[in-house]
Structures are given as C-alpha cells and as structure tokens.
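Here are my notes for a colleague who is meeting this structure now. Please read the points in order, with the model open beside them.

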Amino acid sequence: MNTLRAKLAVLLTVVIVSVVSVSTGVLIYLFDPPDERQAVGPLTEQIELMEQVVRVTPTLVAIQQKPAGGEIEVDLTDWLRDALKARGAPRNVVVSRKDDLPLLSIPVDNGWIITQIPDLPPQGGVFKLLLIWLALIALGALALSLFLANRMVKPLVLLERAIESVGPDALLPELAITGPAEVRVAAKALNSLSSRLKVAMESRMRLVAAAGHDLRTPITRMRLRAEFVEDDDDSAMWLKDIDELDRIADSAILLVREESGKSAPESLRLDTLVSEIVNELRTLSYDVTLTRSTAGVVRANRTGLNRAFRNLIINAATHGNRARVAVESAPSEVIVVIADDGPGIPPDLIGQVFEPFFRANRARTKHFDGAGLGLTIANEIVQRAGGSIRIENGPLRGLLQTVKLPAEEMRLAGSP
C-alpha cells in the first residue's frame, strides 16, 4: 500500500465502485422495482380467477391428485396465504420450485390445480442482487485500476531504472524510445537531460583543463623571475608559493583526465599493488606499515588505482603521522583499510572530505605540500572501478579510510 501504483489502483477502484453504486441507487429509487411481497398481489387475483374457471367449466382445467413436487418456497407460500386471507378467500396454496421452474398448487374440491407462474424476484430482494452486482463491479474495477495504474507509473519506473543505471561517469545511459506514449515522452526527456548534462560536464572539464594549462606559462615566468631575486629568503618563499601553484594546476589537470579517462581496466592483484606502494613510500621516508595482506583480485585500471592508493596512504602518513595498511579479501569484495594516528576530522566536516581543495584545518595543514585534490582524485578513480571509499574517525583517535572494490575470481597460475 506504500507504493504509488497500489495507491492509484485503490483510488481508481473506489471511484469506479462509488460512481456505479450511486448510479444504481438512483435507478432503483426512480424505477422502484417490486420485491417478492409486492409480486404476490397479482398471484392472488390469478388464484381467484382459476377457481372461478373450475366452478364454471371444470373440463377446461386439469385436476391433479396431489400438489406439485420440488422444493417448497416457504416464505413465498406464507406471503401468498396471508394475502389470500386478507382478501377474504383463505386457501392453503403451495409455491414450489421443480427443475428450476416456479409452480403454484391451488387446492380445489376434487384435488389440486397446478400451474406455472413467472419467476419472482430473487430471494432477499433487490438488496441481495445489488450486493452481487457491486461485488462483480469491484472485481472488474480492481483489475482495470491495476492496469491503468501500471500504465500511469511506467514513466516513473523508467526514471527509477535510469537513475539506478547511472554509471561511474555520472551520466544516464541512452534509453530506447519505445512503448506507450507516456513512456516515450519520459525516455525522450531523460535522453535530452543526459545529453545536456554530458555537454555541461565536458565543458566544465575543458574549462578546468584549459585553466590548468594556461597557468603553466605565467607560473614558468614567475619561477624565472623568482630565481633572480637577490635575497635568498625571499626567493625561497616565492619559489615555494610557485611550487604550490604548480601542484594545484597539475592536480586540476589530473582530475579532469580521471573524470574523462577511458583507460581499459585489467585484472590485478590488489594485495601485490598495495604492497608495492607501501615499499615505495617507505623508501621515500614515509612511516607506512603493511599490517595484514590477503590475496585478492580486482578489475581496474592499474595506473589509476596505483595513484588512488598512493594519495590515500600519503594522506594518512602526512596528516596522521603514520599509516597502517591492511588488505582483506571477502567472497564478493576486496577491502583495504588505512589507519593513522592523526587528529581526525571534525564530524560536521567529514562529509566534505571528497570535495575539491578540502582542508579540515587550513591553519594547521598549510605547512603540508598538496593541492587538496588527492582525496577527490582517489574517490573518482575508485568509483570508476565500481568501488567506494568510506572515511570515518577511529574509535580513539586518527582516521580510518576504508576502500571496497568488487572482487574478481582468482585464477590459478597456468589456468586458461
């Protein structure tokens, strides 16, 4: 009952049944059909007429020795006897039904007159017939309402499926323009929206890439001028700021490449890749430890995934004093957990960690190199590989970075 389809079906059913009920009630009120008791009156006149015929010309009417067989209609029999008694001509008549035919047995001096009478209104009168009629209408209305509700929500179902099929590039796949008119209109609108989004995203990426490239020329000129500054301290400060601008430009260009990159994925041992990164960073004097490693295979672009884990581990080792890395394998996914001993991130800011140029504490982190795009780039790469990154504060202190990637079946060496 919580779905829109069910609510629409119930609403349509209630409306149809209500309209039919009101219309039927108005018709019954206007035409006022007789009930069983009202139909008894003409039968009393027929009985008196039959008795007169027997008295005047007895040979015209067949006389039976016993009343008609079959099931006796008790209520109708009693009503008919009461009506005859009220007319001053009491008779012990019998109304019965045999082979689905209503028969009237009238007692006379020499036996019984048996005659067939018209079908009377059903037992229970018009009210019972109305209930049966409304029950049939309700069933038919429910079936019709389900069909109509299904057609009405098809565009919404199409929208839901389109949203669920959004790929790592955040674009809607092109939908087939088929089916009912409502579905075709919705598909055209979604395709148009997807096309406009793609154009807007490509325009944004071109703008960022162009800005990054255009910055290189003035940065190069500034670097040359800074090298000719006579004061060594001033020259060093200028060169440090220029280096930071250069890193920002490089990171922006790299982010655009990751968002628009079409590098083919490959099967790779994630535990081996992480171990190589840890060993490489240790040679660069980063305090990094591989605490646990379980074999696991994922499907991703090696260069991109290498860059993502380098960014995450360097982030932990730089801002969290040291990094502890663990690789765990599950039947459906490979999990990499990176823990550090840093101050963590305030809870109200932890939801912004993947935003470009995010800084948890600008005054505290301004002494660290970096453009603030490392987590953004890492998240983009992992999402393109079908995985996810969760960042949360540790139980006591520090930060936990948990990367989950879909596992691929590991093949033994020499297997096809």
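1. Two strands are said to pair if DSSP finds at least two bridges between them, and the helices (H or I, at least four residues) and strands (E, at least two) named below are DSSP runs, numbered from the N terminus. In that sense strand E5 (residues 266-269) and strand E7 pair in antiparallel fashion over four bridges, with Ser267 standing opposite Arg299 in E7. E7 also pairs with E11, again in the antiparallel sense, over two bridges, and there Val298 stands opposite Ala407 in E11.

2. This is a predicted model, in which local features need pLDDT of at least 70 and side-chain atom pairs count only at pLDDT 80 or more, while totals for chains, interfaces and linings use all residues. Residues are numbered from 1 along each chain as its sequence is written, and side-chain values use heavy atoms, with hydrogens and water left out.

3. The mean pLDDT (the predictor's confidence in each residue, from 0 to 100) of the protein chain is 78, and 79% of its residues reach 70 or more. Over residues 363-367 the pLDDT is below 50, and this stretch has three contacts (heavy atoms within 4.5 Å) beyond near neighbours in sequence. Where pLDDT is low, the predicted coordinates should not be read in detail.

4. Helix H8 (residues 302-319) has 18 residues and spans 26 Å from its first C-alpha to its last, close to the 26 Å expected at 1.5 Å a residue, the expected span being 1.5 Å times one less than the number of residues. At its start, a side-chain oxygen of Asn301 comes to within 3.4 Å of the backbone nitrogen of Thr303, and just after H8, Asn321 takes a positive phi of about 75°.

5. An α-helix has 3.6 residues a turn, so residues three or four places apart point the same way.

6. A nonpolar core is a set of buried Ala, Val, Leu, Ile, Met, Phe, Trp, Tyr and Cys residues joined through side-chain atoms within 4.5 Å. The largest has 38 residues, of which Leu270, Leu305, Phe309, Ile313, Val336 and Leu405 touch the most other members. H8 gives the most to this core, with seven residues. Leaving aside neighbours within four places in sequence, Phe309 is in contact with Leu270, Ile277, Val336, Val403 and Leu405. A second, separate core of 14 residues includes Leu43, Val93, Leu104 and Ile113.

How values were computed. A polar contact is a pair of N or O atoms within 3.5 Å; within protein, one must be able to donate a hydrogen and the other to accept it, and residues adjacent in sequence count only if both atoms are side-chain atoms. Buried means under 20% relative accessible area, exposed over 50%, partly exposed in between (1.4 Å probe, protein chains only).
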